[in-house]
Amino acid sequence: MSEESDLERTEPASPKRLEDARKEGDVPRSRELSTCTVLLAAGGALWAMGGSLVNQLNHSLITGLSLEREVAFDFNLLVQKISVSLTDVLLAFAPVAVLLLIVALASPLLIGGWLFSAKALEPNFGRMNPISGLGNMVSSRAGVELLKAVLKTILVGCVSWVVVMGQKEAMFSLATESVQAGSAHVGHMLGVCFMAIVASLVVIAAIDAPYQMWAYAEKLKMTHQEVIQESKEANGNPQIKAKMRQQQREMARRRMMSEIPTADVVVTNPTHFAVALKYTEGGMRAPQVVAKGADAVAAKIREIAAENKVPLLEAPPLARALYKHTELGDEIPEALYGAVAEVLAYVFQLRVYRERGGKYPDEPRNLNVPKELDPLNLLGENHE
């Protein structure tokens with residue numbers, strides 16, 4: 001892959017990159033969606049509570065304009081009356097204000113979620129760089145934001161014009177209506193205009209929210225080299241890890257080879273497998289596997305065993321079963337106790353022969369190895 005293609009951001013952002021961006025306070029946001037939800041909540045609240053709100057304001061207005069003589073000439077009473085009137089107005093608008101506060105706090109959950117990042121509050125003098133500022137002004141993102149603002153202005157303006165012109169006759173008829181009927185009519189017209197404008201903002205938000213998500217994903221895309229580097233940092237360099245595993249295998253192999261001289265017997269296949277067994281009476285519950293290997297490793301086990309005068313016993317079914325069903329340091333399976341007992345009996349007899357002479361012991365034949373433990377029976381192949 002060429003250097004040019006490596007510099008292209010074609011890979012989606014990894015979970016770590018997304019998490020790092022979130023820690024920096026960088027999450028997708030749609031101001032149009034937040035504005036739209038708040039205005040919708042305001043319109044709905046005014047539509048639902050408008051009647052009671054008007055009545056409360058009407059009562060506050062009447063009460064506030066009704067001044068008794070002693071109130072008009074007593075500054076303290078006047079201040080007290082104004083305070084009561086202001087409190088009534090605030091209480092009248094309190095349900096709407098609380099609703100708008102809840103919606104404003106909940107709107108980030110629609111895209112990006114809640115986020116508080118201390119890093120976003122840290123001073124960043126790089127933002128004061130005039131060259132960077134000019135670059136941001138002529139960037140593609142700035143162009144998109146400008147285009148969006150122009151389209152939003154055109155759309156809202158057109159919708160407002162259509163709604164106002166549709167209400168033109170009703171506006172002219174207000175002069176012939178009573179104050180109470182005219183006020184209600186004006187409120188209705190304002191509500192219609194408001195909801196029409198908010199509906200146009202819904203269209204803008206429906207376009208802006210997916211775009212912001214797409215733009216955020218595009219901004220955080222990674223190059224192929226960045227993906228590789230992040231994987232190395234998270235999981236370690238594959239080459240180094242492979243070398244470490246190789247070294248660990250070599251160390252384990254050396255430890256295994258160092259245990260062979262202490263073994264009591266090496267059971268062979270005779271060439272494909274070799275398993276070294278050790279048993280200490282009173283110190284072990286059952287014989288243990290101290291070394292095992294196949295092919296070249298098996299040959300090395302046999303060589304070390306011969307150099308250290310460890311008996312070699314050719315017992316293919318037992319060797320295959322031990323190699324298949326045990327690991328280093330494991331005790332032999334209970335199903336092989338009988339066969340291994342015969343092998344150890346032969347080894348002890350051989351040890352006595354070497355020390356005292358006499359008749360050479362016969363090697364055990366036809367050892368009792370369960371067929372289900374012999375891989376040869378399971379595979380139906382001859383590995384000898």
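## A quick tour of this predicted protein model

The protein's accessible surface comes to about 25100 Å², and 62% of that belongs to carbon and sulfur atoms (areas come from the Shrake-Rupley method with a 1.4 Å probe, and for residues only the protein chains shown count as cover). This is a predicted model, where local features need pLDDT of at least 70 and side-chain atom pairs count only at pLDDT 80 or more, while totals for chains, interfaces and linings use all residues. Residues are numbered from 1 along each chain as its sequence is written, and side-chain values use heavy atoms, leaving out hydrogens and water.

**The overall build**

- You'll find 15 helices and 4 strands here (DSSP runs numbered from the N terminus: H or I of at least four residues for helices, E of at least two for strands).
- Of the 384 residues, 29% are buried (under 20% relative accessible area; exposed is over 50% and partly exposed is in between, with a 1.4 Å probe and protein chains only).
- Take the contacts with a separation of 6 or more: 72% of them join residues 24 or more positions apart (contact means heavy atoms within 4.5 Å).

**The nonpolar cores**

- The largest nonpolar core has 23 residues, and L277, L318, L322 and L336 have the most contacts inside it (a core is a set of buried Ala, Val, Leu, Ile, Met, Phe, Trp, Tyr and Cys residues joined through side-chain atoms within 4.5 Å).
- Two or more residues each come from β1 (265–268), β2 (273–278), α13 (316–325) and α14 (337–356), with α14 giving the most, at 7 residues.
- Apart from this core lies another one of 14 residues, including V266, A276, A298 and I301.
- Skipping neighbours within four places in sequence, L318 touches V267, L336, A339, V340, V343, L367 and V369.

**Helix α5, kink and all**

- Helix α5 (residues 75–106) has 32 residues, so it should span 46 Å at 1.5 Å a residue, and its end C-alpha atoms agree at 44 Å apart (the expected span is 1.5 Å times one less than the number of residues).
- There's a kink of about 45° at A94, shortly before the proline P95 (the bend is the angle between axes fitted to the seven residues ending there and the seven starting there).
- The buried residues in α5 include K81, S85 and V103.

**Q56 and the cysteines**

- Q56, in helix α3 (residues 31–65), is partly exposed because its relative accessible area is 35%.
- Although Q56 and V89 are 33 residues apart in sequence, their C-alpha atoms are 7.6 Å apart in space.
- C36 counts as buried because its relative accessibility is 4%, and C193 does too, at 18%.
- A search of the whole structure turns up 0 disulfides (pairs of cysteine sulfur atoms within 2.5 Å).
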